[in-house]
Amino acid sequence: MTNPEMRASDADRDRVATALREHCAEGRITMDELHERLEATYAAKTLGDLQEVTSDLPEEDLYALPVPASHRSTTNLPAKQNFGEISLTGPAAMWASWASVSAICFTVWLIVALTTGAAYPWFLWVAGPWGAILLMRTIFGPRRDN
């Protein structure tokens, strides 16, 4: 058990904020509660303050726990289905984020250019540096030896 008087780090606050967003996505708290709790999370000074924010929420997803055979549904459908959800991790996620933001910026620039005439290609200032950093990270980034 950690000391509730210990000062909280940014990583501790981020971990609690991520858990709160997940609880909101699962329907345990409302969007208003999420905003209130996030404010309290980022204002928290100690681990005890962070524990108060999540004291009425489970620490692990209850749906991920095995269901006893006596409580299983008679249907064969899973309890939770994610249709069309794509899960990207690592470099694929970084490149997907870059591509999405770059496409949005380019689309806005294109609409402005088509409606007002020639426009300065400002979207390159978003896509270029970010893309260069991602490329360097992809080429020279940390390697994980398994």
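**Figure 1. Overview of the secondary structure in the predicted model.** The chain comprises 5 helices and 0 strands, and the model shown here and in the views that follow is a predicted one. Read from the N terminus, the order of elements is α-α-α-α-α.

**Figure 2. Packing of helix α1 against helix α2.** The axes of α1 and α2 are 10 Å apart and the two helices pack at an angle of about 175°; because angles over 145 degrees count as roughly antiparallel, α1 and α2 are described as roughly antiparallel to each other. On the α1 side the contact is made by Arg13, Asp14, Val16, Ala17, Leu20, Arg21 and Cys24, which meet Met31, Leu34, Arg37, Leu38, Thr41 and Tyr42 of α2. Leu34, viewed by itself, touches Leu20, Arg21, Cys24 and Ile29 when residues up to four places away in sequence are not counted.

**Figure 3. The largest nonpolar core.** This core has 13 residues, and those with the most contacts inside it are Leu20, Ile29, Leu34, Leu38 and Leu50. The elements that give two or more residues to the core are α1, α2 (31-43) and α3 (47-53), and of these α1 gives the most, with 4 residues. In soluble globular proteins, nonpolar side chains tend to be buried together.

**Figure 4. His23 and its surroundings.** His23 belongs to helix α1, which spans residues 10-26. With a relative accessibility of 8%, His23 falls under the 20% cut-off and therefore counts as buried. Once neighbours within four places in sequence are left aside, the contacts of His23 are with Arg28, Ile29, Leu57 and Pro58.

Figure 5. Leu47 is placed in helix α3, and its relative accessible area of 11% makes it a buried residue. The C-alpha atom of Leu47 is separated by 6.4 Å from that of Glu5, although the two residues are 42 residues apart along the chain. Not counting residues up to four places away in sequence, Leu47 touches Thr2, Asn3, Pro4, Met6, Arg7, Ala8 and Asp12.

**Figure 6. The crossing of helices α4 and α5.** Helix α4 (residues 90-116) and helix α5 (residues 123-140) have axes that come within 9 Å and cross at roughly 165°, so that these two helices are roughly antiparallel to each other. The crossing in which α4 passes α5 is left-handed. Residues of α4 that take part are Met94, Trp95, Ser97, Trp98, Val101, Ser102, Cys105, Phe106 and Trp109, and they meet Phe123, Val126, Ala127, Trp130, Gly131, Leu134, Leu135, Arg137 and Thr138 of α5.

**Figure 7. Two buried cysteines, Cys24 and Cys105****.** Cys24, which takes part in the contact of α1 with α2, has a relative accessibility of 14% and counts as buried. Cys105, one of the α4 residues that meet α5, likewise counts as buried, at 13% relative accessibility. A disulfide is a covalent bond between the sulfur atoms of two cysteines, and the structure holds 0 disulfides.

Notes:
Residues numbered from 1 in each chain as written. Predicted model: local features only at pLDDT ≥ 70, side-chain atom pairs only at ≥ 80, totals over all residues. Heavy atoms only, no water. Buried < 20%, exposed > 50% of the residue type's maximum accessible area, 1.4 Å probe, protein only. Contact = heavy atoms within 4.5 Å. Disulfide = S-S within 2.5 Å. Core = buried A, V, L, I, M, F, W, Y, C linked by side-chain atoms within 4.5 Å. Axes fitted to C-alpha atoms, helices over the stretch in contact; angles between N-to-C directions. Parallel < 35°, antiparallel > 145°, perpendicular 65-115°, else oblique. Left-handed = near helix turned anticlockwise from the far one by under 90°.
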